[in-house]
Amino acid sequence: MSRSVLLLRAVNVSGRNSVPMARLREVLSAEPDLEDVSTYIASGNIICKTPTKPDAACSAVRKAIVAEFGVDTPVIHRRHAELVASEKAQPFPDGEEKFVHAMFLEGACGPGAVEALEERLLPDERLVLMGDDLWIDYGSGGVHSTKLTKAVLDRALGVAGTARNLRTVRKLIELTA
């Protein structure tokens, strides 16, 4: 059985966009194209059997979250094999697990996006775009000291995305295996 993860963006962060995972699982049990649904941590990782129509499933999940919780958040799909390939190719094997992040994008980013982001990097930060995944090493300062804020990333990329640290990516690979 092929498994996937549906990644929610910016839920249960800093007391905003509250989406209780137990209730979300109940709501999603009514979705016809979602089977064997579970969640991992409160930041919005939905593990499920790979939907037959992933784009339609993402759209249905987004609509269900708006209807039930009043939160409109992008929902990004990655198959197990895509997670494995991205993690295996990630460009920062020497980076710390908690400071290396994959930003999973809904699609291709706009022209000049990487260059615009590179201009804002702090001295020990690095980033590499690999397909629809932007890998960022926040260096020793971590995400709390970066200039690559959500607003900066959104503006430069021109496409929705959601980030997970390398530790979480590896756990999602394990859960979708």
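Leaving aside its neighbours within four places in sequence, which residues is Glu87 in contact with? They are Trp135, Leu166, Val169, Arg170 and Ile173. This is a predicted model, and the report starts from that one residue.

## Helix α3

Glu87 sits in helix α3, which spans residues 80–89. Is Glu87 buried or exposed? Its relative accessibility is 18%. The cut-off for buried is under 20%, so Glu87 counts as buried.

An α-helix has 3.6 residues a turn, so residues three or four places apart point the same way.

## The open sheet

Strands β5 and β7 also belong to an open sheet of 4 strands. The order is β6-β7-β5-β8, and the pairing is antiparallel. At the edges stand β6 (126–130) and β8 (161–165). Each has a single partner strand, so one side of each is left without a neighbour in the sheet. From one strand to the next, the twist averages 20 degrees.

Strands of a sheet pair through backbone hydrogen bonds. The table lists the pairs here.

| Strand pair | Sense | Bridges | A facing pair of residues |
|---|---|---|---|
| β6 and β7 (residues 133–137) | antiparallel | 5 bridges | Arg126 and Asp137 |
| β5 and β7 | antiparallel | 5 bridges | Met103 and Leu134 |
| β5 and β8 | antiparallel | 5 bridges | Ala102 and Arg164 |

Now take β5 alone. Of its 6 residues, 6 are buried, so β5 is largely enclosed by the rest of the structure. In a regular strand the side chains alternate between the two faces of the sheet. On one side of β5 are Val100, Ala102 and Phe104. On the other are His101, Met103 and Leu105. Both faces are covered.

The largest nonpolar core has 19 residues. Those with the most contacts inside it are Leu6, Leu8, Val19, Leu24, Val61 and Ile65. Four elements, β1, α1 (21–28), β3 (45–49) and α2 (54–69), each supply at least two residues of this core. Which of them gives the largest share? Helix α2 does, with 6 residues.

Val19 shows how such a residue is surrounded. Leaving aside its neighbours within four places in sequence, Val19 is in contact with Val11, Asn12, Leu24, Ile65, Phe69 and Val71. A second, separate core has 16 residues, including Cys109, Val152, Ala156 and Val159.

## Cysteines

A disulfide is a covalent bond between the sulfur atoms of two cysteines. How many disulfides are there? The count comes to 0. Cys48 is in no disulfide, and its nearest cysteine sulfur, that of Cys58, is 8.6 Å away. The cut-off for a disulfide is within 2.5 Å. Cys58 is likewise in no disulfide, with the sulfur of Cys48 as its nearest.

Are these two cysteines buried or exposed? Cys48 is buried, with a relative accessible area of 0%. Cys58 is buried too, at 9%.

Note on methods:
Residues numbered from 1 in each chain as written. Predicted model: local features only at pLDDT ≥ 70, side-chain atom pairs only at ≥ 80, totals over all residues. Heavy atoms only, no water. Buried < 20%, exposed > 50% of the residue type's maximum accessible area, 1.4 Å probe, protein only. Contact = heavy atoms within 4.5 Å. Pairing = 2+ DSSP bridges. Axes fitted to C-alpha atoms, helices over the stretch in contact; angles between N-to-C directions. Core = buried A, V, L, I, M, F, W, Y, C linked by side-chain atoms within 4.5 Å.
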